[in-house]
Amino acid sequence: MYVLGVETSCDETSVSIVKDGKEVLSNEVLSQIDIHKEYGGVVPEIASREHIKGITFVFDKAIRDAGIGFDDIDLIAVTEGPGLIGSLLIGVNAAKTISLNYHIPIIGVHHITGHIYASNIENDMQFPLIALVVSGGHTELILMKEHFSFEKLGETQDDAVGEAYDKVARVLGLPYPGGPVVDKLSRQGIDKYHFPRPMIDTDDFNFSFSGLKSHVINLHHNMIQRNEHINAPDFCRSFQEAVTDVLVRKTIKAKEKYEVKQIVVAGGVAANSGLREKMRSSIQDIPVYFPKMAYCTDNAAMIAVAGYFKYLKQKKYDDLMLNGSSRLKMDEGEL
Amino acid sequence: MELKLHVGSLNDTDLLAKIISGNLFPGFIIGLTGDLGSGKTTFTKYLAKHMGISDNLNSPTFTILKVYDHKPYNLYHMDVYRLEGIGYDFELDDFIYSDGISVIEWYPYIEEMLPKEMLKISITTTDDEQRELEIVGEGRYEQIVKDISNRYGH
């Protein structure tokens, strides 16, 4: 079964063809990151305009690279949310147009389920599993007992991890996106400040990064006022240690409570080297899967994979009333 | 009308949100400003609670806008920090000029696209817990500032 995936929820225009939820025949990603860099983050209206400019080209290239035609496609899977509403609508409408024109059934996919299913490209998912979803907009622990069944165990009560990285980077005068830069600098620093580990010992699976962010910002502010030297690598390392300690501890707690067979780490922050190392060294009795870089950041291959498994589970398609939604809930979208 | 308030704890934030939630009308707009970590999202959390929204409200920074469908009013929670120097975003228009309730963090960055009448709250951090608030409301919002003045701290 050939599935065409479409992803435009944020600042990447992506179209992919995946066979049987596994074999990626093409995965074309047009990133806008250089355009948004000068604004310190994604600007919604600019993102929408760029998606419009790029989407036809990306569709064509994905089809060409896969060496198939539109007539060969069995299903179109498109991200319906959550994300930037204008950006989502461009992907959804392009997908609906192709669906109508070529009479190909369409199915809407929740973006986060895509991130989780990215791990199925290189490894087979085994249930039950725990997925830690960490990105600029999300920090969630999800339990999956079988294919396309999601139970949200906990989530951030305020800032997402990636967002906290961006804000700390901004205070330190580092470029956007903050994650990769802070990660890189942290390797040259030490955990000198030992920042608080928010909610690390709470009984639930929720997270909070706003207080930690404020703590880092306040210390930085006070040091500037006292004319003290700011050692950015030490700030980055101390921040990263605090963040990864909390993420790893809560993941282990969930793993033990639900006796899962594997851990999947998904989303842009899954690319963080500190998180990868700590997760792997702390969990050795079951496999911990990190998708390879190209499938960590936003891409349509993961949407095609998720769409394939969603269809297998539900055995039904969406109709052309399908629409984008900025704050789609997983249980509304999938169950 | 202008009002200065001292917020010494989360209980104070809760009370302020409660008073404001009792005064909402269709198209109500609240603009918030204050440094990173001053409590803009925290205030919005309490407002959502008093509007009867049970979903967890977390930061909209990444997507700029989060929509909470609710009755009688939807809540549109925005963080326009990244629109600094751009000044507007046409995609936000449909939400700000609607029947829902808009809470806009860092509103001065898009002031050119905002109506003159709105409730403006600026937060200054004095130490970890303490905040000084300046609340401004003209026209239809003047009554709310009066109500806050009468009920807050009594």
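Where the two chains meet, 19 residues of chain B and 28 residues of chain A take part; two residues are in contact if their C-beta atoms, placed from the backbone, lie within 7 Å. On the chain B side, strand 3 (65-68) and helix 3 (90-96) each supply at least two residues, and strand 3 of chain B gives the largest share, three residues. Helices (H or I, at least four residues) and strands (E, at least two) are DSSP runs numbered from the N terminus.

The model is predicted: local features need pLDDT of at least 70 and side-chain atom pairs count only at pLDDT 80 or more, while totals for chains, interfaces and linings use all residues. Residues are numbered from 1 along each chain as its sequence is written, and chains are lettered from A and ligands numbered from 1 in the order in which they are written.

Strand 3 of chain B is joined by four bridges to strand 4 (residues 75-79) of chain B, and the two run antiparallel. Within this pair, B:Y68 stands opposite B:L75.

Chain A contains 12 helices and 10 strands. Its radius of gyration, taken over C-alpha atoms, is 20 Å, close to the 20 Å that the globule rule (2.2 Å times the number of residues to the power 0.38) gives for 335 residues, so chain A is as compact as a globular protein of that length.

Definitions and conventions: Pairing = 2+ DSSP bridges.
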